[in-house]
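The following exercises concern the reading of a protein model. Each task is followed by a solution in steps.

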Amino acid sequence: MNGRQVIPIYECEDLFLYEVIEDYKDAKTQDEKDDIFRSFCSSIWSCDNKRRIYTKAITYKVQKELLPTALGQVFDTWSSVEYKHYKTMTKEENWRALVRQKINNLYTRYFDKEVILDKQYMDLLKTPKRLYYEWALGMDMDADTVTEVIDDAIDRAEKTKAKLQAQKMVLSWQEYKKTIESFLLNCLDHCKRIEEYEDKAAIVSRLDFLTEDHFYVSYICRSLEGELLKWQKKYYHIKEHKKYARCATCGAMIEKNANRQLYCAPCAIQARKASWKKASHKYRHKPVIH
């Protein structure tokens, strides 16, 4: 033995979240804090609650006696409309799975272009099912009109989906993990111990129903969403205190201003070019009056 002290590597796998936070707060050196933070992140990334995307379908079954009709055949063609969904909740109650679920959900909501669950988009996808039940209940319809209505709804659904996809930011999962770790570090650095809150009576009252871990999980999840919303403004070069709107063409975030700007800078240039081209074409083809 050379007499050197061996410092054990911090492990938080079997610890409660409040214990990890207290250990982080009580750490005497930055190296100790770094060690705790590395273990904290590793525990979240290695838990079994992975991000899962899967295919779901809006389905119905055409009644047997209606199936041979022209309308029955139209509705049977659209009796299953697929879309992408994702695992939004976990049955696990440990802090790793709960925090990881929030991290997974944020990535899917803000970055994953496969998953679009906007109400307008979903309502358009449900058009065949809605029309089928209206017809089955006695509403008068004809096959050609129904086909036209469904085709139009699905076409509008695809256009809506494309617009909503354009509103999502671009960031790989690996880049996202690094970004989230910076948020998590901020969470630990600024997290207060429960006894440090001013309204301790209210906190204690809440803890009659919740564990300390639930309290800290809730804090971290709220903080992650708030940090990501601030990061989103930086992504689109919007000042933190400014309100925002969406570009009418590409869906990018733009600062709200007094003149009700409709487009981001690149789309505004294209819109002006299109307007000039249209005006020029109209002028050239204006009839000459003698």
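**Exercise 1.** What percentage of the 290 residues of the chain count as buried?

*Solution.* The model is a predicted one. A residue counts as buried when its relative accessible area is under 20%. Of the 290 residues, 37% count as buried. The accessible surface of the chain comes to about 19100 Å², and carbon and sulfur atoms contribute 53% of that surface.

**Exercise 2.** State the secondary structure content and the share of contacts between residues 24 or more positions apart.

*Solution.* The chain contains eleven helices and four strands. Among contacts with a separation of 6 or more, 68% join residues 24 or more positions apart.

**Exercise 3.** Describe how α2 and α4 pack.

*Solution.* Two packed helices are described by the angle between their axes and the distance between the axes. Helix α2 spans residues 30–46 and helix α4 residues 95–110. Their angle is about 75°, and their axes lie 8 Å apart. Angles of 65 to 115 degrees count as roughly perpendicular, and α2 and α4 are therefore roughly perpendicular to each other. On the α2 side, Phe-40, Ser-43, Ile-44 and Trp-45 take part in the contact; on the α4 side, Trp-95, Arg-96, Val-99, Arg-100 and Ile-103 do. The residues of this contact comprise six nonpolar, one polar and two charged.

**Exercise 4.** Where does His-237 lie, and is His-237 buried or exposed?

*Solution.* His-237 belongs to the loop between α10 (212–235) and β3 (244–246). Its relative accessible area is 72%, so His-237 is exposed. Most residues other than glycine have a negative phi. His-237, although not a glycine, has a positive phi of about 60°.

Terms used: Residues are numbered from 1 along each chain as its sequence is written. This is a predicted model: local features need pLDDT of at least 70, side-chain atom pairs count only at pLDDT 80 or more; totals for chains, interfaces and linings use all residues. Side-chain values use heavy atoms; hydrogens and water are left out. Axes are lines fitted to C-alpha atoms, for helices over the stretch in contact, and angles run from 0 to 180 degrees between N-to-C directions. Helices (H or I, at least four residues) and strands (E, at least two) are DSSP runs, numbered from the N terminus. Angles under 35 degrees count as roughly parallel, over 145 as roughly antiparallel, 65 to 115 as roughly perpendicular and the rest as oblique. Contact means heavy atoms within 4.5 Å. Ala, Val, Leu, Ile, Met, Phe, Trp, Tyr, Cys and Pro count as nonpolar, Asp, Glu, Lys and Arg as charged, and the others, Gly among them, as polar. Buried means under 20% relative accessible area, exposed over 50%, partly exposed in between (1.4 Å probe, protein chains only). Accessible areas come from the Shrake-Rupley method with a 1.4 Å probe; for residues, only the protein chains shown count as cover.
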